[in-house]
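Dear colleague,

Please find the structure below, handed over for your study. My notes on what was found in it follow.

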Amino acid sequence: MIGGLAWVSGVLALLSFLLVCALAGRRVALAHAERRRLSTEERLRPLALALVEGESVELPRFGAYESRALARVLARYARQVSGTALAHIGGFFEDRGHIAREVAQLESRRAWRRASAAHALGGMASTSATPALLQALGDSDRDVAAAAARSLGHLGALDAVEPLVYALVDGRLPRAVSAQALLSIGPDAVPRLRGLLADAPVEVAAFAVDLIGLLGEASDSPQLVELLRDTSAEVRAHAARALGRLAAQDASDELRRALEDRIPFVRVNAAHALGAIRDAFAAPALARQARGDEFDPAEAAARALARVSPGVLVAVAAEPGSGPHLAQAVDLLHVQT
Amino acid sequence: MTGNGQPLILIADDDPDILALVAFRLERAGYEVVQARNGEEAIQVALARRPDLAVIDVMMPRVDGYEATRQLRQHEETSRMPIILLTARVQEEDIARGFDAGADDYVKKPFSPQELGSRVQAVLGRR
Amino acid sequence: MRIFEGALVLFSLISFGYFVALNAVYLTFTAIAWRGVTYYRRAREFSGAEEAFASPLTPPVSILLPAFNEEAGIVESVRSLLALRYPELEVIVVNDGSTDATLRRLTEAFDLVPVRKASRAGLPTALVQGSYASRKHHDLWVIDKENGGKADALNAGINAARYPYFCALDADAMLEPDALLRVAKPILDDPDLVVATGGIVRIANGCRIEHGQVVDVGLPRSPLATLQVVEYLRAFLVGRMGWSRAGALLIISGAFGLFQRSVVAAAGGYSTTTVGEDVELVVRLHRYLRERGEDYRIQFIPDPVAWTEVPEDIRSLSRQRRRWQRGLVEALWRHKRVTLNPRFGVFGLVAVPSFFLLEIAGPTIELVGYPAVIAGSALGYLSLTFLLAFAVLAVLVGAVLSVSALALEEFNFRRYQRGREAARLVVMALAENLGYRQLLTAWRVLGLVDVARRRRGWGEMRRRGLGYAPARGESRGR
């Protein structure tokens, strides 16, 4: 018995000793690697900047380490710049065979390899990687799919719009990741998103509406105005919010009508939108909602009223029984000028 | 203006990559450049060096770009210095917020260094 | 005499059994946590948390900061909260009937003016006397109310909050600039599922602090505080991470947690009748959501950091730990009905029973176990050699567990940059098992005694709220 205990104790002692050694060794190695990485990147930065700016530079003969460091710096820039600078970066990676190498890695059997390849391709600014990334969007590993989504966003891949929206709604991708990818595809995605409004499931349509509000322009409003009468409250609410974001003046009639909606959440968004549009005709209806509605719609209406017509706000707040929301909005009027 | 007669430009961003890129582009275009890593530092440097123009990132720790712009507008020395905001957020309200704070122009991230260069030139020319 | 002997032997057996079970559980947890943290760190590379900062889709958050007699640090705290990297937030300071100059300091620093603020009637609270807005920061509110305790102050904050999520903080907790964005990440990714998240609490003693921000991470001089550094790493990176991965995280620190407002309000807000309002809320959320058959997640995220000061003297530490134990027991006892009820899934079948065993029965067994085993060997039932061998074994198991928690920190986060301090942490991790853990056990038992005395109507019932942070830095860190 005691022999057994001693034996186990010995193993444990050895184990903790090894753990401590591993910790110490790793710390030293990491500190060294980090210093080397930073100094190499700093040394290569002028070269990277010249490449980004498209100046013709003679690339010195590099070892693999320097080559990777340069690729890292360039990949960081690829996420920050647009236009010809981005094209220069893409050209560099294409010419030096990086793209082909990473695309091949997308077939790796290890998930983290596939994920880092998908991630790297987003920083290489070359659309030739798009088909492979679209395929990686369906990867069984959530990280791989997320990395592919972000990269497709960075590359502005229009073909990724529909798959991204569907993946987002199904929860196959982290919502923030796919939403951000769609936003970085930018206004060019709007026609594709409009295509999703007609017969897609409610959640898909609602989200597409949201994105149109963020990426579109006032000319997209007629279709959204129609959706203010959709059977789904979610779609109605998102349409109201989108119209506010687009500052769609011609939607104000319908938005005022949306203040009568059955669902509080829709009324909140309609009030907010009317505030954003600064629709003076909405003042009486907003005042009514601010006085008598539930907390959230009343609060939104009072805030909107402050934007639409401070004069009306002051007048109605002075009436008896005007309630807490109008009082707050009036007080804030004085504080926040 | 600096001693050599080149316009002096302040760049404020918390990302060293961007600082280097913008400085590179503007120096190539013949400007002199001073850098700041956050909003507080940007205000200090602006008051000390009195640059001819400032390029300020909106998203910075401690004092963000909007707040830095607002404060710069309140100091007499920098109240008329042109300010260009670099911003990743491009909603109507964000842009309005920048102009409300007193910015003269904004450049959206990701940005084209060429375009930033010509905006700088245009804003300086306007004055 | 025979009965006594029998009891002694039986008890020794129970103690050994408990010892083996406990360490098996800890080892399993360490393994789960390793997987979890490593997975998290890898995913972070591809998840683009940074981008959320610029995204218009990131939901706005109301930060609730209850303050009772915080005149010394409140202005700095609020400043650093207003400067957090997060796209849209409001800060609501709830002045819980402070008797010092908390409100005056705030008024002067932020140019506060009285405002008639509309609040929900949702949760009952002590009387709100007034609300203030700032001329300098449009996102700052101060609610001035009569003293009612921390839970009551948080409820008033929930009533006043405008945004769909709220972040509950201790007045002396210092968030890192990215902490809110990181703790919100699971919510951004799965808004339909995640209802609450908590970050890690780390120890600020020994760090250099400027303007309410930790600017240089360091270890405290005091050995007692350094032991707590190791203990917190073990508790958060192994314990919380493990439970979070198992889908049954029962504790989100009162010092730093993010919650969906509507769910918390529907479940009744914070309870004002326990000292463990933070644990009680999370346990109640599990119960509430499970009872309604909802699919949900409550998650721990290992890298958004709130720094807090911990007690450096043994008396305050003992008081703090007894209070924590009391809070935990009160919370579990209140929801004891979920225990072993299959309807409550992992939460009822595993988590709550484990807490009863490990946190309540465990310390008692352990504390009685030491004298029993010693008595046993003194009376010749156990050989002294065996006892010594066993003691060495116990300490070594503890050492492996403590060092692997450190390794978890070191491999993934590396907050302690200086080699000398890292070495000191290793020494403390080894030393932790010689005395400090036993001390913790003793305080847990004393906490149990406190509960028992209170239940029978003995013991002091200090008016609640009179110092819900009696010594600065008694944030819940376990």
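In helix H10 of chain C, Leu328(C), Val329(C) and Leu332(C) meet Val352(C), Phe355(C), Phe356(C), Glu359(C) and Ile360(C) of H11(C); two residues are in contact if their C-beta atoms, placed from the backbone, lie within 7 Å. Helices (H or I, at least four residues) are DSSP runs, numbered from the N terminus. By class, this contact has seven nonpolar, no polar and one charged residues. Ala, Val, Leu, Ile, Met, Phe, Trp, Tyr, Cys and Pro count as nonpolar, Asp, Glu, Lys and Arg as charged, and the others, Gly among them, as polar.

This is a predicted model, in which local features need pLDDT of at least 70 and side-chain atom pairs count only at pLDDT 80 or more, while totals for chains, interfaces and linings use all residues. Residues are numbered from 1 along each chain as its sequence is written, and chains are lettered from A and ligands numbered from 1 in the order in which they are written.

Chain A also touches two other chains. Its contact with chain B takes 16 residues from chain A and 15 residues from chain B. On that side of chain A, H1(A) provides the largest share, three residues, and the classes are seven nonpolar, four polar and five charged.

With chain C, 40 residues of chain A are in contact with 42 residues of chain C. H1(A) gives the most to this side of chain A, with 13 residues. The residues on this side divide into 26 nonpolar, eight polar and six charged.

Yours sincerely

Technical notes. Helix = DSSP H or I, 4+ residues; strand = E, 2+ residues; numbered from the N terminus.
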